[in-house]
Amino acid sequence: MNGSILGDIAGSRFEFSRPQNFNFRKVALFADDCFYTDDTVMTIATKYAIYNQMPYSAAYASFGRKYPFAGYGTMFKKWFENHNSKAYNSYGNGAAMRAGFIGEHFSTLDQVQSEAEKSAMCTHNHPEGVKGAVATASCVFLCRQGFSKKEIKKYVEKKFGYNLHRSLKTRRPFAKFDITCQGTVPLAILCFLESNDWEDCIRNVFSIRCDTDTVGCIAGGIAEAYYGETGFDEKLLLKKYLIKTNNFGNRDTYLYEWAIR
């Protein structure tokens with residue numbers, strides 16, 4: 001799960017703008033202007049729901065209200081602010097970005113896919129929203145089980161119908177900012193498939209016009225599951241970016257504590 005969180009944080013500062021002469025191969029992955037977003041909050045909320053055996057909807061609403069300024073989409077923000085809200089048929093990438101831990105936690109593919117579907121249905125109950133969450137969690141699980149990239153690619157294309165044959169090189173000139181599951185999840189998987197390690201995966205995310213924090217979160221979670229590590233001092237980075245001091249001088253360590261639990 002640390003790979004998901006750190007992928008979100010690394011991608012946070014490049015979602016809407018990039019400096020002149022941006023070089024995705026040389027730019028630092030982590031800098032002082034990086035920050036966690038809703039991807040991190042909801043990823044941790046998924047873990048919280050599973051550990052406490054509570055409905056995903058309850059955890060997502062609770063964490064959303066506790067961290068209301070993390071950059072949520074308009075529909076999701078309205079959803080958690082309304083205690084009696086129902087799913088709103090979204091196919092946005094929010095269903096997929098929070099599903100990685102499910103693939104990490106459960107012990108069979110059937111369990112993983114069932115739980116990922118549940119996690120999506122409370123908000124993103126559009127078929128593409130559900131598919132994105134299930135595909136993400138499935139990739140994490142298959143990586144943990146030692147499947148090869150070739151096997152994972154073949155499974156994803158057959159099971160979910162995503163096109164993973166078009167390379168990043170051919171996508172880059174025509175890439176557009178896309179927050180849908182069907183636009184985000186195949187791209188994130190491709191960033192992983194074309195990588196050599198976790199850092200290389202995140203640099204692949206940087207290389208293409210996209211929703212960099214969310215693509216980084218999804219791809220980073222899959223890459224960590226496959227490579228077994230991020231190659232960074234994860235605890236130090238989580239402390240730096242997840243522990244905040246508010247205007248009253250109080251330190252909020254809640255996200256960090258759940259991230260490392």
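1. In this predicted model, E199 is partly exposed, its relative accessibility being 29%, and its partner in a salt bridge is R203, with the closest N and O atoms 3.0 Å apart. R203, by contrast, counts as buried at 9% relative accessibility. Both residues belong to helix α12, where they stand four residues apart and are therefore separated by about one helical turn.

2. Helix α12, which spans residues 198-206, also holds N204, and this residue counts as buried because its relative accessibility is 2%, against a cut-off of under 20% for that class. Leaving aside neighbours within four places in sequence, the residues in contact with N204 are R25, L168, R172, C191, E194 and S195.

3. R25, one of those contacts of N204, forms a salt bridge of its own with D200, at 2.7 Å from N to O. Because R25 lies in the loop between α1 and α2 while D200 lies in helix α12, the pair ties together parts that are 175 residues apart in sequence.

4. D33 is partly exposed, with 46% relative accessible area, while R13, at 18%, is buried. The count of salt bridges in the model comes to seven.

5. The loop between α1 (2-11) and α2 is also the place of F16, which counts as exposed because its relative accessibility is 64%, the class beginning at over 50%. Together with F177 and I179, F16 forms a nonpolar patch on the surface, and the accessible area of these residues together is about 320 Å².

6. Turning to helix packing, the axes of helix α2 (residues 38-51) and helix α13 (residues 212-227) come within 9 Å of each other and cross at roughly 35°. The residues that meet are D38, D39 and T43 on the α2 side and D213, T214 and C217 on the α13 side. Sorted by class, this contact is made up of three charged, two polar and one nonpolar residue.

Methods
Residues numbered from 1 in each chain as written. Predicted model: local features only at pLDDT ≥ 70, side-chain atom pairs only at ≥ 80, totals over all residues. Heavy atoms only, no water. Axes fitted to C-alpha atoms, helices over the stretch in contact; angles between N-to-C directions. Helix = DSSP H or I, 4+ residues; strand = E, 2+ residues; numbered from the N terminus. Contact = heavy atoms within 4.5 Å. Nonpolar A, V, L, I, M, F, W, Y, C, P; charged D, E, K, R; others polar. Patch = residues over 30% accessible without salt bridge, like charges linked within 9 Å, V, L, I, M, F, W, Y side chains within 5 Å. Areas by Shrake-Rupley, 256 points an atom, 1.4 Å probe, with all protein chains shown as cover. Salt bridge = Lys/Arg side-chain N within 4 Å of Asp/Glu carboxyl O. Buried < 20%, exposed > 50% of the residue type's maximum accessible area, 1.4 Å probe, protein only.
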